[in-house]
Amino acid sequence: MSLIKEQDYGTPARSGEATVAVEIDGKQVRVPEGTSVLRAASECGIDIPKLCATDSLEPFGSCRMCLVDIDGRKGSPASCTTPVAEGMKVRTQTPELAELRRGVMELYISDHPLDCLTCPANGDCKLQDMAGQVGLREVRYGFDGENHLDLPTDSTNPYFDFDASKCIACSRCVRACGEVQGTFALTIEGRGFDSKVAAGAGGTFMESDCVSCGACVQACPTSTLQERSVVELGMPNRTVLTTCAYCGVGCSFKAELRGDEVVRMVPYKDGKANEGHSCVKGRFAFGYASHPDRQLKPMVRERITDPWREVEWEEAIGHVARRMLEIQARHGAGAIGGISSSRCTNEEVYVVQKMVRAAFGNNNVDTCARVCHSPTGYGLKQTYGTSAGTQDFKSVEKADVILLIGANPTDAHPVFASRIKRRLRQGAKIIVADPRRIDLVKSPHVQAEHHLRVRPGTNVALINAMSHVVVTEGLVDREFVAERCEDFADWERFISAPEHSPEAVEEITGIPAAELRAATRLYASAGNATIMYGLGVTEHSQGSTMVMGMANLAMATGNIGREGVGVNPLRGQNNVQGSCDMGSFPHELPGYRHVSDDVVRGTFETLWGRVLDPEPGLRIPNMFDAAIDGTFLGLFVQGEDIAQSDPNTKHVTAALSAMELVVVQDLFLNETSKFAHVFLPGTSFLEKNGTFTNAERRINRVRPVMAPKTGKHEWEIVCEIAQAMGYPMKYDDSAQIMDEIAMTTPTFAGVSFAKLDEVGSVQWPCDDAAPEGTPIMHIDGFVRGRGRFVLTDYVPTQERGTRKFPLILTTGRILSQYNVGAQTRRTGNTAWHPEDVLEMHPHDAEVRGIRDGDTVALTSRVGETGLRVKIDDRMPVGVVYTTFHHPVTGANVVTTENSDWATNCPEYKVTAVQVTLRHPAPAGMV
Ligand code: SF4
Ligand code: SF4
Ligand code: SF4
Ligand code: FES
């Protein structure tokens, strides 16, 4: 595909039913009320020159390039700041206007370096375009006057430069940082001729609050803000539309290439999840795909103490098949299994579960969602009948109150966080339930109405108390409940009991009763209230109970089934929704249908030509236990570093060491591959051809930018292993795999690569009833018929602070790194987060004699690790926090095997620990 250049309409689209008819240069056009003249002209094919206007930003009216004449109006108003009016007659091209525009351009050009031919933006510069468009032939002011040509370049950001000498002070970058990203890191300092862009308080980009989202680079009309990759590699000349492979927001990108080399990733305006915005990971951190650490050849070894031996694909695949069959012959069909990856495409995941079920002959397949959002699947299925969030991201634009629980979107789901922040600036309110004071509690232009500093492990007591207030203060939406729900009376009796009152649980949750009551009243009496949540909900021993508790609260207040409301998991990995949809759990076939269902199993048996096991298989923790017991000996691990990401590392590594065959399919040798006998090199997202499903159930295309560097697609490898084990499994391409998914899985019935190429993306269910997909679920009724109220007893976790381990450790993510860091640690992102640190309240530090920067021992009852301390009062007293991005820290060495009662999701968020000083920080660090 040649380079895609999206049309810039100059100002944002306006929505609304009322329209206005105007005439521009003799052309009639009808546009929504509030549309600018500049945009109306652009929509009917008339391109008015512009510099300070772009359609991702509200009009500003500073450059005076877009002047027009309007019948009956004096002077020549700026078309970007002038809204259309009924019957308006506009002229965009007259000799007088041309003269005015040329005059403006002369001023700009007289203070601009004349290095177009060597400028990296040559051919992609709005200033250059405008000079051509207005027919600039001379600069009457000359080039010798006062100018900015000696201003320095700020190269502190690892990915882009700020060459101040080229700045035309249009303020697009400043406005993008505020309006699009919501960080407000940039300002225009000074006035008139002295105006200049400043990052933070006049320092560098790296010293400022900049989070390197790239919105300013995107908005800059000149090469003042320019990706360094463009400077180094030259302007790209072709585009491939694809999807970010980091988080569950699922941003669409234009991969822009020069030849076969990716020059830059540019967020795609038509991408429905991101609408042209990005974060530092998707925008800039793609270099890992060509990192020299990547292993591109298969490798085999007999024992994990042997050196690796590079082999051809045929030998590696034959070795895996032979050893798996040998294990089954000696220990039975159930002695082997597989783990699928939420990093991989739907098609790659589908073939893994098919291989396990049809070729291995058991249901021993699980996925990394086990350790993150399995309680979401369980809880929402029990209450609403479907294992997924209820809304699309855009829905938040209609929310009046956002209840955010156990999620930190500005770090983990940054592009969605920007949408939330925009909605807050428009007047919506936010309630944050989180032990830490995250950015959405307080940051520029953000101030939460309530910060409920819930003690780790007590979420269910919190949500029950909120529901108690709703029921006892007359805040129930009785009509909604009567029409749409069941089992309400029992639940009402249960939740009204005094032990659920805010006063009764104040001691447990740590939240003052009056504050909890006020927050609940705000949520329950909002026009539209929405719940967003993350792993701070699910990764608990009562994760599933909490999901059902939130579902109860939303139903009781009628906040389900329309825009602006709902219960929405913010999924961590790019395809965690998809890997669950594809039947990666040991009890469910694709589409969340139980393996014991004869009809469903029959569909697959007919198509796959094998009798399938009606009994659920082993979950990941059961696989580990069985390995230690000597009954589970062969494991295929697709793209997941379980030795680093799963809890209680000692237990995991003991299990892996006990197995006879561990097969790892991944990009890099990792912690798990230390225990592997076969390493099968995987493909990066730039080589994949398939689909990812994001947190809003949106199925996005992932298109290959290049052929697999390993010589094989991951789905081909899985098919070849199955075939070598005697099960015929073959597809011509990944589109054919999606066709099989659509054929077998009702919620995907209308999905095909051709459909996605035509419409961009769809949200499942996508079928005959909803051929374009389903943005909002449960509109006319719940998927299960009636929404079910479930009793949610609060059962305290067994993990408590003791004298020996008096602090509670909770874990999370940071913006610049991603999960176990295998990708982001191999990019420039390490500039922001070179190591995991332990955040600690000043009081907890002081009583232990610990200072900022000291190295401490972090000890729990299962293990110990060491890391540096960051003293921060955004932590509450008694709680410490760290991330898990660096293997050297091994944060999961200390996390325990406690897990959710329903799904075994580990209780990462609550570990009793002690922190003791190991080494004081070197002088100068404190
Ligand atoms: S990169 Fe993003 S956060 Fe940084 S200054 Fe630009 S817009 Fe603001
Ligand atoms: S850096 Fe670019 S966007 Fe910002 S004011 Fe200068 S020219 Fe405009
Ligand atoms: S928000 Fe998520 S999907 Fe979007 S660019 Fe960032 S990491 Fe990628
Ligand atoms: S584009 Fe309208 S004033 Fe700059």
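Which elements of the protein have the lowest and the highest mean pLDDT? The model is predicted, and the mean pLDDT of the protein is 91, with 95% of its residues reaching 70 or more. Among the elements, the lowest mean value, 77, belongs to helix H3, which covers residues 126-133. The highest, 98, is found for strand E18, residues 429-433.

Ligand 3 has around it Cys244, Tyr246, Cys247, Val249, Gly250, Cys251, Phe253, Cys279, Lys281, Gly282, Pro414 and Val415. Sorted by class, this shell holds 9 nonpolar, 2 polar and 1 charged residues. Two helices, H7 (280-284) and H12 (414-425), each contribute at least two residues to the shell around ligand 3.

Phe488 belongs to helix H15 (residues 488-496), whereas Phe789 lies in the loop between strand E33 (787-788) and strand E34 (807-812), so the pair ties together parts that are 301 residues apart in sequence. Both members of the pair are shielded by the protein: Phe488 is buried at a relative accessible area of 12%, and Phe789 is buried at 2%.

A further aromatic pair is formed by Tyr592 and Trp764. Its geometry is tilted, with the ring centres 6.5 Å apart and 40° between the planes. Tyr592 is in the loop between strand E25 (588-589) and strand E26 (593-594), and Trp764 is in the loop between strand E32 (761-763) and E33; the pair therefore ties together parts that are 172 residues apart in sequence. Tyr592 and Trp764 are both buried.

Ring pairs also link Tyr159, Phe160, Phe162, Phe205, Phe284 and Trp832 into a cluster.

Arg697 lies over the face of Trp764, at 6.0 Å from the ring centre. In another such contact, the charged end of Arg301 sits over the ring of Trp308, 3.9 Å from its centre.

The backbone at Trp764 also has a marked feature: a cis peptide bond joins Trp764 to Pro765, with omega about 0°. Pro765 is placed in the loop between E32 and E33. Most peptide bonds are trans, and most residues other than glycine have a negative phi.

Two aspartates have a positive phi. In Asp25, the angle is near 45°. Asp25 is located in the loop between strand E1 (19-24) and strand E2 (27-32), and its relative accessibility of 34% makes it partly exposed. In Asp487, phi is about 65°. Asp487 is in the loop between strand E22 (485-486) and H15, and is likewise partly exposed, at 40% relative accessible area.

Helix H9 (residues 346-360) was checked for its span. At 1.5 Å a residue, its 15 residues should span 21 Å, and the end C-alpha atoms are 20 Å apart, which agrees with that value. The helix is mostly covered, with 15 of its 15 residues buried. Gly361 follows H9 and has a positive phi, near 80°.

The loop between E32 and E33 also contains Arg784. Arg784 is partly exposed, with 33% relative accessibility. Between Arg784 and Asp71 the separation is 713 residues in sequence and 60 Å in space, taken from C-alpha to C-alpha.

Note on methods
Residues numbered from 1 in each chain as written. Chains lettered and ligands numbered in written order. Predicted model: local features only at pLDDT ≥ 70, side-chain atom pairs only at ≥ 80, totals over all residues. Heavy atoms only, no water. Near = heavy atom within 4 Å. Helix = DSSP H or I, 4+ residues; strand = E, 2+ residues; numbered from the N terminus. Nonpolar A, V, L, I, M, F, W, Y, C, P; charged D, E, K, R; others polar. pLDDT = per-residue confidence, 0-100. Buried < 20%, exposed > 50% of the residue type's maximum accessible area, 1.4 Å probe, protein only. Phe/Tyr/Trp six-rings, centres within 6.5 Å; stacked < 30°, edge-to-face > 60°. Lys NZ or Arg CZ within 6 Å of the ring centre and 35° of its normal. Expected span 1.5 Å × (residues − 1).
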